[in-house]
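Good morning, and thank you for joining. I would like to walk you through one part of a model, and I ask you to keep the display in view.

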Amino acid sequence: MSIEEGYRPLEPGVRTDFSGALDYAGYLHLDTLLAAQHPLSDPQHPDELLFVIQHQTTELWLKLMVHELVGARTFLDADDLARARKSLSRVKHILRTVTEQWSVLATLTPSEYAEFRDVLGPASGFQSVQYRAVEFLLGNKNPQMLKVFDANPAARDFLAGALDSHTVYDAFLRLIARRGLPVPAAVLERDVRQPWVEDAGLIPVFRTVYEDTTGHWDLYETSEDLVDLEDAFQLWRFRHLRTVQRTIGFKTGTGGSSGVSFLRRALDLTFFPELITVRTEIGVR
């Protein structure tokens with residue numbers, strides 16, 4: 001039978017016998033992955049599966065983001081700027097993917113969500129340990145967040161490790177210092193458990209990088225990578241805010257936050273403020 005008769009025949013080389021061999025489902029542990037969706041509504045609401053899968057897939061992408069950011073930091077520590085930039089580029093693409101993913105959840109109307117929202121109880125994305133780890137790796141440290149995970153020692157230890165470690169930005173600034181640029185000692189010796197606060201002493205350093213791109217091309221390009229990453233992260237935050245607003249309006253979040261206003265305040269947070277401030281100085285004589 002040919003394709004004209006209703007189907008495409010298998011090519012002679014396609015394997016069909018996987019007795020005792022690793023197949024696609026086994027490699028990806030699909031039996032576990034596809035059995036991990038357990039809607040709680042009873043009878044099951046037809047839209048709850050969307051809600052569960054949306055958040056589960058986001059957690060998978062967050063896992064990869066943590067992996068890539070730790071990798072970028074390691075490469076920066078080793079002065080391997082090219083490999084670090086590859087990791088940062090991958091994170092930017094992940095952020096674009098999860099930003100677009102909000103459009104799927106936005107198909108959930110307020111009426112539909114209201115029919116099963118109660119089954120979430122106090123569960124909330126606010127409690128995502130991986131999201132917090134990403135923010136910590138990028139500089140938005142907050143020791144108070146550890147208490148959210150007191151009931152989950154493994155999660156708390158995971159986040160404590162991110163809190164105690166230097167950030168991707170710290171690693172980049174240390175590399176810049178090793179290149180001979182005058183990064184302030186206070187920056188290099190800062191308490192990495194604290195959130196990043198803009199340091200005016202870095203503005204002349206980045207101005208040098210941006211005004212001598214020929215002499216500092218890879219530092220200049222990496223600086224722009226970080227700006228791209230922050231823009232992508234902010235777009236993700238904004239898309240999250242808009243999706244929540246169109247779904248629950250200005251209701252309190254399930255985890256007890258103020259909801260939309262809480263998410264809006266997050267838009268004021270910045271990871272690499274000097275890379276924005278320096279733009280005011282570039283080309284000014």
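What covers the buried residues of H6 includes helix H3 (48-77), H7, helix H8 (168-178) and helix H11 (217-248). This is a predicted model, in which local features need pLDDT of at least 70, side-chain atom pairs count only at pLDDT 80 or more, and totals for chains, interfaces and linings use all residues. Residues are numbered from 1 along each chain as its sequence is written, and side-chain values use heavy atoms, with hydrogens and water left out.

Helices here are DSSP runs (H or I, at least four residues), numbered from the N terminus. H6 is mostly covered, as 10 of its 10 residues are buried; buried means under 20% relative accessible area with a 1.4 Å probe, protein chains only. Among them are Val-129, Gln-130 and Glu-135.

After H6 comes Gly-139, with a positive phi near 115 degrees. Asn-140 then sits in the loop between helix H6 (129-138) and helix H7 (153-164).

Is Asn-140 buried or exposed? Asn-140 is buried, at a relative accessible area of 17%. Its side chain makes a polar contact with the side chain of Glu-135, at 2.7 Å. A polar contact is a pair of N or O atoms within 3.5 Å; within protein, one must be able to donate a hydrogen and the other to accept it, and residues adjacent in sequence count only if both atoms are side-chain atoms. Leaving aside neighbours within four places in sequence, Asn-140 is in contact (heavy atoms within 4.5 Å) with Glu-135, Arg-237, Leu-269 and Phe-271.

Definitions and conventions: Helices (H or I, at least four residues) and strands (E, at least two) are DSSP runs, numbered from the N terminus. Buried means under 20% relative accessible area, exposed over 50%, partly exposed in between (1.4 Å probe, protein chains only).
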